[in-house]
Amino acid sequence: MSKPFVLAHLSDPHLGPLPRPEVRELASKRLVGYINWRRGRHRLHRRDALDAVTRDLHGTQPDHVAVTGDLVNIALPAEFDHARRWLETLGRPADVSVVPGNHDAYVAAAALHRDQHWSPYMAGDEVLCHPPSGPEKLEVFSDFNGEALTPSIAIPGRAPATLFPYLRRRGPVALIGVSTAIATLPFMATGKVGEQQIACIAKMLAELRKESVFRVVMIHHPPLRSARHKCLIDAAAFQRTLAAVGAELVIHGHDHAHSLVWIAGDRGRVPVIGVPSASASVSTKKRAGAYNLYLVGGGRGAWTCEVVSRGLRPSGAVAELNRFALSWSGGA
């Protein structure tokens with residue numbers, strides 16, 4: 001390709017301000033999240049920071065935008081509508097791909113509101129992995145608390161459930177959207193892919209490997225070892241899948257920090273890249289609001305990908321922070 005395909009990646013906008021909840025809506029884990037938001041999180045995640053980051057992103061004119069979760073804070077119904085309106089400022093559903101994070105699944109009922117408002121941004125172009133036929137046979141994942149998580153059964157009169165993983169093809173890039181969003185106990189922020197999703201992801205990646213496409217896996221939780229309260233529960237199983245069938249790139253959020261690690265695989269190593277919260281204030285101890293651009297070129301067997309990180313400086317201006325090229329055989 002003479003011109004690289006530009007994929008923009010941002011995560012964890014934690015959109016504010018928080019709507020005023022009704023008392024009944026706080027009779028759950030939401031109460032803890034609401035107190036945390038009022039006590040300080042609202043100062044860490046600033047709309048002015050997010051607006052500066054997204055203005056800069058628009059200026060780069062990417063070919064596609066990936067958002068890897070935590071658009072909301074405590075999963076109030078009104079938050080999902082607010083997040084949809086923000087997604088519309090990023091682009092059309094065909095030009096923006098979303099996967100949910102743990103805050104988008106703060107309570108079990110959150111998936112219904114999420115699917116009602118965000119499903120166009122999480123709709124696959126085609127099905128490479130078929131679930132069991134008939135809604136009555138479709139497996140519903142659940143975490144250790146028994147809370148339902150995606151994929152879920154469509155209920156008449158409600159928004160259709162979004163099925164994960166989904167596949168979107170954009171130019172030379174194949175995007176696989178993975179959900180790790182599960183409802184958990186207070187003070188827990190764990191995620192889970194689940195056996196059914198892992199099997200589908202393996203099939204998708206293996207089929208796509210036969211084509212000349214740059215395979216990008218979008219996920220909220222990093223597929224790596226992490227603190228118990230915020231880890232991906234089945235990270236080891238997911239890593240084994242990536243090692244066995246490969247991927248050109250895995251992008252995630254959740255940790256609110258720039259990161260690059262590698263998963264050793266049978267077909268070359270797999271880069272796993274995280275970004276900070278896009279709304280993080282310049283006053284935060286961790287990295288302030290930022291996003292990544294991935295400039296994809298080349299072709300099958302000879303891909304190139306330059307990673308450009310852009311983010312807030314102490315002055316509040318957005319500028320380039322770092323730039324490097326990926327190498328799947330070794331080096332940085």
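Modeller: A residue counts as buried when its relative accessible area is under 20%. The model here is predicted.

Colleague: What share of the 332 residues of the protein counts as buried?

Modeller: 54%. Each of those residues falls under the 20% cut-off, so each is called buried. The protein still exposes about 14,100 Å². Carbon and sulfur atoms supply 53% of that area.

Colleague: How do you know which residues line the largest pocket?

Modeller: A lining residue has an atom within 4 Å of a pocket point. By that test, 30 residues line the largest pocket. H14, R41, H103, H254 and H256 lie nearest its centre. The space in this pocket is about 700 Å³.

Colleague: What makes up the lining of the largest pocket, by class?

Modeller: Nine residues are nonpolar, twelve polar and nine charged. Arg belongs to the charged class, so R41 counts as charged.

Colleague: Which residues lie nearest the centre of the second largest pocket?

Modeller: R215, E248, R267, G301 and W303, from a lining of 19 residues. The volume is about 350 Å³. By class, the lining has eight nonpolar, four polar and seven charged residues. Gly counts as polar and Trp as nonpolar, so G301 and W303 fall in those classes.

Colleague: What share of the contacts with a separation of 6 or more joins residues 24 or more positions apart?

Modeller: 69%. The protein has six helices and twelve strands.

Technical notes: Residues are numbered from 1 along each chain as its sequence is written. This is a predicted model: local features need pLDDT of at least 70, side-chain atom pairs count only at pLDDT 80 or more; totals for chains, interfaces and linings use all residues. Side-chain values use heavy atoms; hydrogens and water are left out. On a 1 Å grid over the protein atoms alone, a cavity is a set of points where a 1.4 Å probe fits but cannot get out, and a pocket is an open set with protein on both sides within 12 Å along at least five of seven lines; lining residues have an atom within 4 Å of a point. Grid points are joined across faces, edges and corners, and a volume is the space filled by probe spheres set on the points. Helices (H or I, at least four residues) and strands (E, at least two) are DSSP runs, numbered from the N terminus. Buried means under 20% relative accessible area, exposed over 50%, partly exposed in between (1.4 Å probe, protein chains only). Contact means heavy atoms within 4.5 Å. Accessible areas come from the Shrake-Rupley method with a 1.4 Å probe; for residues, only the protein chains shown count as cover.
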